[in-house]
Amino acid sequence: MKIFQMLVTLFSLLLTCCVIATWASSYDYSASIDCLEKPWTPQYNGGLVGNSEFDLGLDEWSKFGNGKIELRKSKSGNNYMAAYDRKMPNDSFSYILYVEKEFLYTFSAWFQLNKGKEIISAFLKNGDGKSTIVGSVIAKSGCWSMLKGGFQMQEDMNAELYFMSNNTEVELWIDNASLEAFTKAEWRDQQYESINKVRKQKVRIHVTSQDGLKLEGAKVTLDQTRPRFHIGGGTTSSIIDNKAYRDYFVKRFTAATFDNEMKWYYTEANQGLENYTVPDAMVSFFKQNEIAVRGHTILWASANMNQQWVKALAPRDVLKAAVRRVGSVVSRYSGDIIGWDVVNENMHNSFYEDRIGRPNASAMFYQIVRALDPQTPLFLNEYNILAHPTDMKVIPSKYVEKIREIRAFPGNEDLVLRIGLQGHFFFKPNVSHIRASLDVLGATNLPIWLTEMDFKRGPTQHVEFEEVMREVFSHPAVEGIIVWAGWKPTSCSDKCLSDKNYDVLPKGCSMMCLTDINFKNLPTGDAFDKLLKEWKTVNVTGYTDNKGVFEHEVFLGEYSLTYSHPSIPRTIKTVFNVTGGREPLDVRVSF
């Protein structure tokens with residue numbers, strides 16, 4: 001017994017050494033959305049996964065469940081493992097490891113089936129028999145698909161990584177698995193590294209005299225007047241006539257999404273009686289203040305979010321009414337909108353496909369919008385991708401399939417598309433999963449927006465808000481964030497804020513409030529303001545060197561530049577734009 005305990009202790013020490021050995025690794029943002037003839041080599045050379053390429057047969061891997069496993073070799077001579085003769089969905093293969101709560105883990109592996117197309121999911125099982133999902137992918141026969149996921153555990157434990165597919169008639173094949181661990185400090189360092197790379201650029205201000213003489217000692221002041229990365233807010237009609245709300249919003253946000261005021265059920269509650277008075281006023285206000293507006297939403301795929309009169313129409317008339325709605329709202333606001341949510345939540349719902357009887361109804365509406373407003377990007381907008389990895393309807397590879405489905409409709413090949421991820425985090429966010437999902441969707445090369453980001457009420461809301469904001473802002477594929485905290489006098493009232501039953505949202509209350517009814521910051525509002533300050537370059541002052549140059553790294557965006565020199569009795573002010581790039585931006589000014 002003592003010998004066994006010594007072996008267990010030695011194994012744990014070796015495993016700990018393996019974890020420590022991976023600390024220096026830099027995070028790999030790469031992911032594949034294509035089904036390939038050959039899988040990529042394992043990320044991080046396998047990391048914590050031993051025998052990741054099965055060069056040692058099945059060493060370190062085990063059977064999970066009641067199926068069978070065996071080593072096989074592809075036509076190209078590559079080893080892989082197969083699970084076959086499966087009777088239960090989780091009959092597969094597994095890898096035993098020790099995980100620690102202080103680490104964030106990223107996992108990837110390549111999968112193939114012997115026939116058909118199915119979802120394969122990776123799970124982590126703890127000693128109590130509870131399982132945590134790691135990630136999912138659509139696997140196919142004849143080629144390899146990459147699953148990328150991540151997890152963080154709440155306690156140190158021995159765990160078993162296993163895999164699952166509901167179709168027990170297919171064989172599951174795996175190759176080139178990897179698992180890497182990062183400390184929280186390393187994870188944050190990677191965020192800073194990415195921010196410096198994709199959100200900043202070095203600027204060199206060259207100051208010369210009128211005759212071209214390089215001026216040493218010129219005083220230079222830089223102030224960002226507008227950030228390039230959009231951080232916007234959800235908003236309600238209260239902004240029209242509430243000065244305090246207007247002042248609060250304009251000071252912080254560069255984009256806006258209307259909570260309800262542009263939706264069909266708002267502008268045409270009764271058939272044939274359109275009323276755009278409120279959204280017109282809101283669009284006008286934001287235009288005056290140079291705040292971009294997202295068009296949310298043209299149509300909504302949920303039957304419950306369509307007016308009763310629409311649901312009562314015959315199929316042909318549903319199509320006519322929907323096309324008329326598209327024409328009405330798009331033609332009205334074309335040129336005033338930076339992006340359209342075309343058919344909201346059309347991966348979870350299919351109202352128009354079902355009622356009209358056309359499986360490609362959504363794709364058809366995208367084409368109509370593009371014809372009316374060809375320059376404005378068109379969004380898919382879905383929930384649960386980042387917040388609920390167990391929702392198989394919207395796993396990242398399903399989202400990619402939906403993009404391809406819309407583009408496969410004749411005439412849609414060149415649609416200007418964007419990826420919209422709502423981000424309603426009603427459970428503790430899993431930032432490892434969030435990053436992995438953004439990696440996969442980023443492989444489409446389509447810019448990503450978090451379009452409706454909010455968090456469950458409670459004492460940790462501000463912590464979770466900041467954690468996810470940092471993760472999303474730092475990701476190279478993300479272009480903008482909409483903080484879903486539209487204010488109304490009733491939604492952030494004392495009654496709402498004092499309610500401690502965080503599992504039930506009181507009627508009329510907002511899930512997330514940045515301020516109280518008097519626009520005094522709440523903890524989440526403080527966290528938000530802190531981030532806005534951190535991600536902005538303001539009041540940077542310096543002096544040119546003997547070459548007439550002042551150099552500084554700044555956040556991307558529009559800038560005001562003020563410069564002066566002791567030998568010249570005047571101060572000059574100009575503007576310039578920092579748009580990004582690996583090379584420094586040279587700005588040349590003279591007196």
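Here is a quick tour of some strands, rings and charges in this structure. Keep in mind that the model is predicted. We'll start with strand S19, a strand whose 5 residues are buried, then look at an open sheet of 4 strands, and finish with the aromatic rings, which form 41 pairs in the structure.

- Strand S19 covers residues 378-382 and is mostly covered, with 5 of its 5 residues buried.
- Strand S17 (residues 339-341) pairs with S19 in the parallel sense, over 2 bridges. Here Trp340 stands opposite Leu378 in S19.
- Strand S20 (residues 417-421) also runs parallel to S19, and 5 bridges join these two strands. Leu378 turns up again here, standing opposite Leu417 in S20.
- To get from S19 to S20, the chain passes through helix H10 (residues 396-408), making a right-handed β-α-β crossover.

**The open sheet**

- Strands of a sheet pair through backbone hydrogen bonds, and can do so in a parallel or antiparallel way.
- The open sheet has 4 strands in the order S24-S12-S26-S27, and the pairing is antiparallel.
- Its edge strands are S24 (540-543) and S27 (568-578), each of which pairs on one side only.
- From one strand to the next, the twist averages 20°.
- Within this sheet, strand S12 (residues 219-227) and strand S26 (residues 557-565) are antiparallel partners over 8 bridges. Asp223 has Ser560 in S26 as its bridge partner.

**Aromatic pairs**

- Among the 41 aromatic pairs is Phe351 with Tyr352: the ring centres are 4.9 Å apart and the planes meet at 80°, so this pair counts as edge-to-face.
- Phe351 is buried, with a relative accessible area of 6%, and Tyr352 is buried too, at 1%.
- Tyr352 also forms an edge-to-face pair with Phe365, at 5.5 Å centre to centre and 75° between the planes.

**Charges over rings**

- Arg435 has its charged end over the ring of Trp187, 3.6 Å from the ring's centre.

Notes. Residues are numbered from 1 along each chain as its sequence is written. This is a predicted model: local features need pLDDT of at least 70, side-chain atom pairs count only at pLDDT 80 or more; totals for chains, interfaces and linings use all residues. Side-chain values use heavy atoms; hydrogens and water are left out. Two strands pair if DSSP finds at least two bridges between them. Axes are lines fitted to C-alpha atoms, for helices over the stretch in contact, and angles run from 0 to 180 degrees between N-to-C directions. Rings of Phe, Tyr and Trp (its six-membered ring) pair if their centres lie within 6.5 Å; planes under 30 degrees apart count as stacked, over 60 as edge-to-face and the rest as tilted. Buried means under 20% relative accessible area, exposed over 50%, partly exposed in between (1.4 Å probe, protein chains only). A charge sits over a ring if NZ of Lys or CZ of Arg is within 6 Å of the ring centre and within 35 degrees of the ring normal. A crossover is right-handed if, with the strands pointing away from the viewer, the path from the first strand over the helix to the second runs clockwise.
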